[in-house]
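Thanks for asking me to look through this one. Below are my notes as numbered points, to read with the structure open beside you.

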Amino acid sequence: MSAAATHTVTPLTRPGGSPFHRIGWHCRHNPKRELWLAWWTTVVFYQLFFVVFFVITRTQPPPNPGWDTPRVVQWFHNHHNGLLIGFAIMFVITGMTAASNALIAYSMRRMSVSPAFGYSYLVLYSLSAVPGMLLLCLVLTVGALRPDRDPELIQWLYDFAFLSFSGTMGVFLIGSLVWMAAILIDKHGVLPKWFGYLNLCNALTEVVVAPAWIFHRGVFAWNGLICWWINMVVFGIYTGAFIVLLRQMIQREDFGTGPLPDLATTKELDRSGDAAVAR
Amino acid sequence: MTDLAGAGSPPHDVDGRLAAKDGDKTAKFVPGQPDMWAFVLFETLIFTGYFSVYLFQRAQHPESFLHAQNQLDLRIGVVNTIVLLASSWSVARCVEAARAGAFRQASRNAFLTVVFALVFLASKVCEWVLQIHRGNGITSSEFFTYYFFLTGIHFLHLLIGFVVLGVVIYQLRSPARRSQNLIETGATYWHTVDFLWVLIFALLYVVR
Amino acid sequence: MSDIGINDAHGAESGRPALRRIDGELILWWTLPAVAIIWASAFVLFPGFTPPMSPTMSAEQVASFYRDPHNLSRIRASMILFNWFCVGLIPVLILIVMQIRRMAHRTPIFSYCMLGCVAGGPTLFLTANICWLLAGFRPERSPELTQMFNDLAWITFTSQVPFLIAQSVILALAIYVDDQPRPVFPRWVAHFNLLVAAALVPAAFVALSLSGPLAWDGALSFWLKNIAIAVWIVVMGAVLGQAIRRERADYRQRVEQDVPV
């Protein structure tokens, strides 16, 4: 790939005109279209995830583990339609997580570190979707499927769902540490060091959530102030940060094998390139 | 043996301090990577969140918290605090020595820091075992839930600190690798570990 | 294993062809017909598929289905077969990943996406399989429990199509973006994959009703989904075989040309 990238490429004029025309042009000619496709898929996925979990199914913020069995059955009854429809949507779109993982693995490939980091991350996060999210969707769907099921079984399904969702810690813990190590050792400056440290914060949230497996009430329960609310704030900041940083990485990408140029340089080159062609 | 500082020291800038190897202009404003300071700030914010929750819960049930707190031995807490403060002192000496180019001395101070940290680690584990033997586990009372959680999460930061000290020592060992920036970054992290402990000590042991 | 990002399509420009190792790929390809036959046999063997069990069966009916000694041995045999071989198509899926690598892409993003999907699909099939085996392990247990395991198995089996949909969409996009005079896969394969992805979507909505076309024994969730998967396996198998054979012919040609160096 490096041999092909050393010869100069004439800058392409970006067209004006209607948004559809421009998007169509980018889909056909932009050399970074694959990266942008992955990035937009990630953004769309997280938006849909938020809508499904927080609005349609209302499984986040999570309900109380301390409820007694009749109250849990009542919760299923109240959320019946939302659960079935919302999770059906998840059963169609979960594959989009592959794009997010691919883009992050790509960021590690662009770094000066061994490809082992990217592959490790890809494997870890690819298998994280099943226990860490799909189990909840699947189990709550089965719970809502037959409202006349034995209440004890419904409570078991309720516990299984929420504990598997919040309590699947290892994959995200190790995955974040892998990305952190790659960023801190990287000499190409693909992602800033502060984001490497933010990965550590994200990994630590996976440790902080461990008491959720022990407590039914209070701040350390799966819906508690410490195990859910503070953790969600950290996770939200983390996700927002990496979406923005990956966007910048794509903008800076020069398909070379050395350090990534920083954003100011890239924007100048783009502007001077456009000006040269316009003349 | 010839003075290592004379043989391998990088150029000094006008102030007589080592020019930052990474050429980072902002290194003159904060020691070490500014990214580490951002991390420190963020972690402190999160811990402040935990402390606020603890204080709020404590205000709700003052008697039960007080009763449980009496089970803690203040002396062990004081000793732990002194040990960590000493480790902060030794890591600061290490940074100063590295700045002056005295890398052997810096290495010694870094190892001293590790020793202090191990003392803290051992004492913490002993204290936990003691409390559990007395019947105070993580689920036995609300205070002890917070106790084990806060000291546990701090302990984890301490373990990460060992990795950081390892990086610092690795940097000091070979002239090819000495990055003042990285050493200062490591020291910043270590000071944070100490700082967080002082807060935890104040909250759990002292405030009654 | 060579770095997954190095793109063979640009190899010719640098003067020296970057020959990737392709030994053994035909052997892996032949696992496809073998696994397909085993899957088809297990599918027919399982009494719950022929005909598909109805979600409207009561707990007692489900329990008696699993307790019937005639059924039980067939359930266990077919599910054990599935347990052995449900991940059997992974090598073939990886062969597809290898072909995506050969396409004229600037980045390995599509092959990474595909890798991610390959990990997810068989895991879910395995989960469903375990639930069926559990249901059949102690048939004398409470009918409610047996029904719950049966539900878990069926819902997992039917609704866990997201990675299959993503696989097909990614493959289609990768083919559309493969800008070379002789693309690795012909264009119609991309259209076909999009069609298959669309055919799999209704199965995600299986839990919305216990009877009718969307239920797990219905026309959309059972027949359309499983037929779509079967057709995909057959078509992709053939197309993949063609692509591999062509690559091997090209490889032999390049090796012959390279000899004087």
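1. A word on angles before the helix pairs come up: each axis is a line fitted to C-alpha atoms, for helices over the stretch in contact, and the angle between two axes runs from 0 to 180 degrees between N-to-C directions. Please also keep in mind throughout that this is a predicted model.

2. Let me start with chain B. Its secondary structure consists of seven helices and zero strands, so the pattern along the sequence is simply α-α-α-α-α-α-α. Of the 208 residues in chain B, 31% are buried. If you take the contacts in chain B between residues at least 6 apart in sequence, 76% of them join residues at least 24 apart.

3. The helix pair to look at in chain B is α5 (residues 103-133) with α6 (residues 142-173): their axes lie 10 Å apart and the packing angle is about 160 degrees. Angles over 145 degrees count as roughly antiparallel, and therefore α5(B) is roughly antiparallel to α6(B). The crossing of α5(B) past α6(B) is left-handed.

4. Which residues of α5(B) and α6(B) meet? From α5(B) they include B:F103, B:A110, B:V114, B:F120 and B:K124, while the α6(B) side has, among others, B:T151, B:F155, B:G161, B:L165 and B:R173. Sorted by class, the contact of α5(B) with α6(B) has 14 nonpolar, four polar and two charged residues.

5. Chain A is also made of helices, with twelve of them and zero strands. Its C-alpha atoms fill a box of roughly 75 × 40 × 25 Å along the principal axes. Buried residues account for 41% of its 279 residues. Among contacts in chain A between residues at least 6 apart in sequence, 72% link residues at least 24 apart.

6. Within chain A, have a look at α3(A) and helix α11 (residues 225-252): their axes come within 10 Å and cross at roughly 165 degrees. The two are therefore roughly antiparallel to each other, and their crossing is left-handed. On the α3(A) side the meeting residues include A:W36, A:W39, A:V43 and A:Y46; on the α11(A) side they include A:I243, A:L246, A:R247 and A:I250. This contact of α3(A) with α11(A) has eight nonpolar, two polar and one charged residues.

7. Helix α5 (residues 80-93) of chain A is worth a stop too. Its 14 residues reach 21 Å from the first C-alpha to the last, close to the 20 Å expected at 1.5 Å a residue. Buried residues in α5(A) include A:L83, A:L84, A:F87, A:M90 and A:F91. What do the buried residues of α5(A) pack against? Their partners are α3 (33-56) and α7 (115-145) of chain A, together with α6 and α7 of chain C.

8. That brings us to the contact between chains C and A. Here 41 residues of chain C are in contact with 39 residues of chain A. On the chain C side, the elements giving two or more residues are α5 (109-137), α6 (143-159) and α7 (162-176). The largest share, eleven residues, comes from α5(C). By class, the chain C side of this contact divides into 24 nonpolar, twelve polar and five charged residues.

9. Now for some backbone details to check by eye. Most residues other than glycine have a negative phi, and most peptide bonds are trans. In chain A, a cis peptide bond joins A:Q60 and A:P61, with omega about -10 degrees. A:P61 sits in the loop between α3 and α4 (69-78) of chain A. Chain C has a cis bond from C:T50 to C:P51, with omega near -5 degrees, and C:P51 lies in the loop between α1 (25-45) and α2 (59-67) of chain C.

10. Finally, two positive phi values in residues other than glycine. Phi of A:R58 is near 50 degrees, and A:R58 is found in the loop between α3 and α4 of chain A. Is A:R58 buried or partly exposed? A:R58 has 17 other C-beta atoms within 10 Å, so A:R58 is partly exposed. For A:F255, phi is near 55 degrees, and the residue is placed in the loop between α11 and α12 (263-278) of chain A. A:F255 has 15 C-beta neighbours inside 10 Å and therefore also counts as partly exposed.

Terms used. Residues numbered from 1 in each chain as written. Chains lettered and ligands numbered in written order. Predicted model: local features only at pLDDT ≥ 70, side-chain atom pairs only at ≥ 80, totals over all residues. Helix = DSSP H or I, 4+ residues; strand = E, 2+ residues; numbered from the N terminus. Buried ≥ 20, exposed ≤ 12 C-beta atoms within 10 Å, placed from the backbone. Contact = placed C-beta atoms within 7 Å. Nonpolar A, V, L, I, M, F, W, Y, C, P; charged D, E, K, R; others polar. Parallel < 35°, antiparallel > 145°, perpendicular 65-115°, else oblique. Left-handed = near helix turned anticlockwise from the far one by under 90°. Expected span 1.5 Å × (residues − 1).
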